[in-house]
Amino acid sequence: MWLYLAALLGLYFVFRWYRERQTVPNLPDKYVLITGCDSGFGNKVARQLDQRGLRVLAACLTQKGAEQLKEATSQRLQTVILDVTNRESVATMAQWVKEKVGDRGLWGLVNNAGVGYPFGLNEWLTLDDFMSVMKVNLIGMIDVTLALIPLVRKARGRIVNVASVLGRLSLFGGGYSISKHGVEAFSDSLRRDLSPFGVKVSIIEPGSFKTGLGNKELLRKCTERVWSQVPSEVKEAYGEKTYQKFFKSLDGMLDTMKINLSPVTDSMEHGLTAVYPRTRYAAGWDAKLFYIPLSYCPTILADYVINNL
């Protein structure tokens, strides 16, 4: 009996491996827009897809980031300046993309732009602290998506949204986990909405990777700023020891962040180029073996583990 079960399991994995290796045809004719290409995941996947021969439209926040990316890629790659929190900037970008892709439409949209700071215990933060993160990670992503959906629908293409394992399991307060949970919800409804048009929507759930969020100097300045704005009565209630413990736990988390970004960018590439992309990609072994399993555990166990990280 066990032999038959092992054989069936083996056949399943062989079938899955074969199915996921099939790629869509005519990749060099397909346009892909990626947000947040100045650094991190966006920068790497832009270069990666350019090497695959796709027509990459890289949206950068700064002119410097755009110029550096163009120097490192082929002439196929084109850049546009985009601030996802500025509706006029999003509208200008959408018109630029429409002119570039023409009647072919936009094959792929990768919503990658995001920020992590500021964060802390919730009572230490202001409403503006929450909103500054959510405007980029969630509201900006929705604005970009709505502006480009007609072009993606025309191409019967793909949308890849970058969420996080922290969209499933919140480790600290602030807008980051809230925004990434919102990305999950928006992506789920978007997938069902666009399914009749042949558009596929994928979610990337990275674990701990060393991007802009992994800058220790920036982390220290951010946490010091957050703590400095906390009212004196709130500081007294929590105490200096709580602040030091919080900072130490974050510092320790940064030490475990992985430098190799390929698990994330390979997932993005598969979501754009595979005939049968996955609905969700857990990127990184910590996401697969720790964060996601922990999110399914009883709350009392998950809280204990998180409080003792």
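Let's start with helices α2 (residues 40-52) and α10 (residues 262-273): their axes come within 9 Å and cross at roughly 50 degrees. Axes here are lines fitted to C-alpha atoms, for helices over the stretch in contact, with angles from 0 to 180 degrees between N-to-C directions. Helices and strands are DSSP runs, numbered from the N terminus: H or I with at least four residues, E with at least two.

Before going on, the ground rules. This is a predicted model, where local features need pLDDT of at least 70, side-chain atom pairs count only at pLDDT 80 or more, and totals for chains, interfaces and linings use all residues. Residues are numbered from 1 along each chain as its sequence is written, and side-chain values use heavy atoms, with hydrogens and water left out.

Back to the pair. α2 and α10 are oblique to each other. Angles under 35 degrees count as roughly parallel, over 145 as roughly antiparallel, 65 to 115 as roughly perpendicular, and the rest as oblique. Which residues of α2 meet α10? Phe41, Lys44, Val45, Gln48, Leu49 and Arg52 do, and their partners in α10 include Val264, Met268 and Leu272. Contact means heavy atoms within 4.5 Å.

Next, charges. The structure holds 11 salt bridges. The criterion is a side-chain nitrogen of Lys or Arg within 4 Å of a carboxyl oxygen of Asp or Glu.

Take Asp143. It lies in helix α5 (residues 127-155). Its side chain forms a salt bridge with Arg87, at 3.7 Å, N to O. That pair links distant parts of the chain, with Arg87 in helix α4 (residues 87-101), 56 residues apart. Buried or exposed? Asp143 is buried, at 15% relative accessible area, whereas Arg87 is exposed, at 65%. The cut-offs: buried is under 20%, exposed over 50%, partly exposed in between (1.4 Å probe, protein chains only). Leaving aside neighbours within four places in sequence, Asp143 also has Val90 in contact.

Now Arg280. Its side chain meets Asp188 in a salt bridge, 3.2 Å from N to O. Here strand β9 (residues 280-283) is joined to helix α6 (residues 175-194), the two residues being 92 apart. Arg280 is partly exposed, at 30%. Asp188 is buried, at 18%.

Arg280 also pairs with Glu205, at 3.7 Å, N to O. Glu205 sits in strand β8 (residues 200-206), 75 residues from Arg280. Glu205 is buried, at 1% relative accessibility.

Finally, the wider picture. Arg168, Glu184, Asp188, Arg191, Glu205 and Arg280 are linked in a network of salt bridges.
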